[in-house]
Amino acid sequence: MEGLVAAVIGLLTAAGVWLTLRPRSFDVILGLSFMSYAVNVFLFSSGRLAPGLPPIIDPAAAGYSDPLPQALVLTAIVISFGMTAVLVIMAVGTFLRTGSDSTGSDSTDDQDPS
Amino acid sequence: MIPHLVSPVVLPAVAAALMMLLARENLFAQRVLSLASAAGLIGLALSFATHALPRAEALGNWPAPFGIVLVADGLSVMMLALVAVLAGIVLLHVLSNGVDKLGDSFHPLFQFLLMGLNGAFLTGDAFTLFVFFEVLLIASYGLVVHGGGAERLGAGVRYVVTNLVGSTLFLFGLGVVYATTGTLNLADLSTKVATLPAGDFALIRVAAVMLLMVFAVKAALVPFQVWLPGTYAAAPATVAAMFAVMTKVGAYAALRFGTLVFPEGAPAMGTLYADLLLPAGLVTLIVGSVGMLGASGINRMAAYAAITSTGTVFVALSAFTPEAISAGLYYLVHSTLAVAALFLLADLVARKGGRSGPVAVLFFAVAIAVAAMPPLSGFLGKLLILQARWDQAALIWPVVLATSLIGLLGLARLGSELFWKGANPEPPQTTTLTAPVLLLAVLLGMTVFAAPVYDLTTQIANALHDPAAYLTAVEALK
């Protein structure tokens, strides 16, 4: 299972980095979402992978999963969700004003290769 | 009675909430609340400073290291005071130029920015540091695009994207730190990192570098400075003046982690931070000063001046000796105020009567401060840094001195372009000059009282270099 989780994190991060480097804001937002998914799974695994074990005290429990990363992930999800919403609004605002969703720094970058 | 450590975080949050709930349409009430909150923050910083430091407090009385702790040591209180004073002066400027009328929610966002800044300086927990970074960033996103316009929005999107990538990296770094040490409390990390088994050295070093990269993005340290000039030049100049302190958050975090969590004494770390920060600081100095030479306007000039000041501060801090940290902190305070003053002048220049005699005189004085020439405090700060970095004088002195000259040339060129070509004789309203004059007065105070200020920064630097008192303060909450 460790191998699977690690591969998924790597794949999500790679996809996120590639999309974030694209010159259009829609792709960049998708890329940032992928990266935040990747980091959320990564944070989960930082408390060791312990499937099926309770995070809170239970007399019948054989062991525990670490509750702290779960709290961290919850915070991280809320923050990245809010940030993505802000970014979407700003990107839409830019698109409506300029007619282009390029993230380049000047108008000569506006032509998208695709 | 000593105010709670959480009050510098709660006060602006309450002020912002009151503005949004009760005074949405009432700009006058918002201004009063905003100024009152800034004044309150100055008072809180002073009252912390007069009591024994460091002081720690457990939020919700959860014992450390499980709960979140707030810790105020000399460095935190100094940064709180710097933020509060700068906020007060910038708000006075807002009153005189009415930039808060350009869009909704200027004052609530400004207060949330203060909340994030204060929280970042007070927290004793790495994850809460991340949360407060996000609080100050989301407020800054709103402030960057305040007043609207396509150029501002475009620059804002690039700023948000850069910082979101930075936040993701921050979380990756924290994940590795937690997986390796099992804690995120800074004081607890300090002891855990010092006794880490050799097998975990590689992991913790990777985490340390990841976190350093995040702080470098915030501080605009080369190679992570690309976002700054465009953003700061496109943001309203008054807002950018407040942002002058935001790059210093990165410097603060790097200093905190470099002295407390990943110190040179820890076997896992060696001189990792120093080895990375010194070359980065020197290249930042060069990039910033060349940018100042080529800057096409006063806003870009101020943005590159912010990069140059980051470079100078990091050249000092990267030694991690008490003397160099002390000199770096002195210069950090100076350069924050000087860059803020330059941004306020950028605002004046763009307005009616901005290119006239009184503004030119102010520009001359601020340019002296930014270029770190005598007689203002920047000169003393740079001298102290050069003295403290005598260990590598052959490398550091030529770069610092040459970049000072290049920056000075850029400022001289910009000054003659602004005030000799097409100057207008009509002077601006006197009230608009208040805020830059106040900033210059603080800088003058730092020059006249250089010895007591330097003694203070030396005390702070000594406490950072030997964090035993900080650890004891947090230990008491167990």
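B:Ala372 counts as buried because 26 C-beta neighbours lie inside 10 Å. (A residue is buried if 20 or more other C-beta atoms lie within 10 Å of its own, exposed if 12 or fewer, and partly exposed in between; C-beta atoms are placed from the backbone.) The place of B:Ala372 is in the loop between helix 15 and helix 16 of chain B. Its phi is positive, about 60 degrees, although B:Ala372 is not a glycine.

This is a predicted model, in which local features need pLDDT of at least 70 and side-chain atom pairs count only at pLDDT 80 or more, while totals for chains, interfaces and linings use all residues. Residues are numbered from 1 along each chain as its sequence is written, and chains are lettered from A and ligands numbered from 1 in the order in which they are written.

**Confidence**

- The model scores ipTM 0.89 and pTM 0.93.
- Chain B has a mean pLDDT of 92, and 99% of its residues reach 70 or more. (pLDDT is the predictor's confidence in each residue, from 0 to 100.)
- For chain A the mean pLDDT is 85, and 90% of its residues reach 70 or more.
- Residues 106-114 of chain A have pLDDT below 50, and this stretch has nine contacts in the model beyond near neighbours in sequence. (Two residues are in contact if their C-beta atoms, placed from the backbone, lie within 7 Å.)
- Where pLDDT is low, the predicted coordinates should not be read in detail.

**Chain B as a whole**

- Chain B has 20 helices and two strands. (Helices, H or I and at least four residues, and strands, E and at least two, are DSSP runs numbered from the N terminus.)
- The radius of gyration of chain B is 21 Å, close to the 23 Å that the globule rule gives for 478 residues, so chain B is as compact as a globular protein of that length. (The radius is taken over C-alpha atoms; the rule is 2.2 Å times the number of residues to the power 0.38.)
- Along the principal axes, the C-alpha atoms of chain B fill a box of roughly 70 × 60 × 40 Å.
- Of the 478 residues of chain B, 62% count as buried.
- In chain B, 80% of the contacts with a separation of 6 or more are between residues 24 or more positions apart.

**The core**

- The largest nonpolar core has 223 residues, and B:Leu86, B:Ala302 and B:Phe343 are among those with the most contacts inside it. (Such a core is a set of buried Ala, Val, Leu, Ile, Met, Phe, Trp, Tyr and Cys residues joined through C-beta atoms within 7 Å.)
- Helix 14 (residues 322-349) of chain B gives the most to this core, 20 residues.
- B:Ala340 touches B:Leu86, B:Val90, B:Ala241, B:Ala244 and B:Leu439, not counting residues up to four places away in sequence.
- In helix 13 of chain B, 20 of the 20 residues are buried, so this helix is largely enclosed by the rest of the structure.

**Where the chains meet**

- 23 residues of chain B are in contact with 27 residues of chain A.
- Helix 6 of chain B supplies the largest share of the side of chain B that touches chain A, 16 residues.
- That side of chain B divides into 16 nonpolar, five polar and two charged residues. (Ala, Val, Leu, Ile, Met, Phe, Trp, Tyr, Cys and Pro count as nonpolar, Asp, Glu, Lys and Arg as charged, and the others, Gly among them, as polar.)
- The cover over the buried residues of helix 3 of chain A includes helix 2 (25-45) of chain A, with helix 5 and helix 6 of chain B.
- Those buried residues include A:Leu72, A:Ile79 and A:Met90.

**Backbone details**

- Most residues other than glycine have a negative phi, and most peptide bonds are trans.
- A:Arg48 is not a glycine, yet has a positive phi of about 70 degrees. With 12 C-beta neighbours inside 10 Å, A:Arg48 counts as exposed.
- A cis peptide bond joins B:Ala64 and B:Pro65, with omega about 0 degrees.
- The peptide bond from B:Pro374 to B:Pro375 is also cis, with omega near 10 degrees. B:Pro375 is found in the loop between helix 15 (357-370) and helix 16 (377-388) of chain B.
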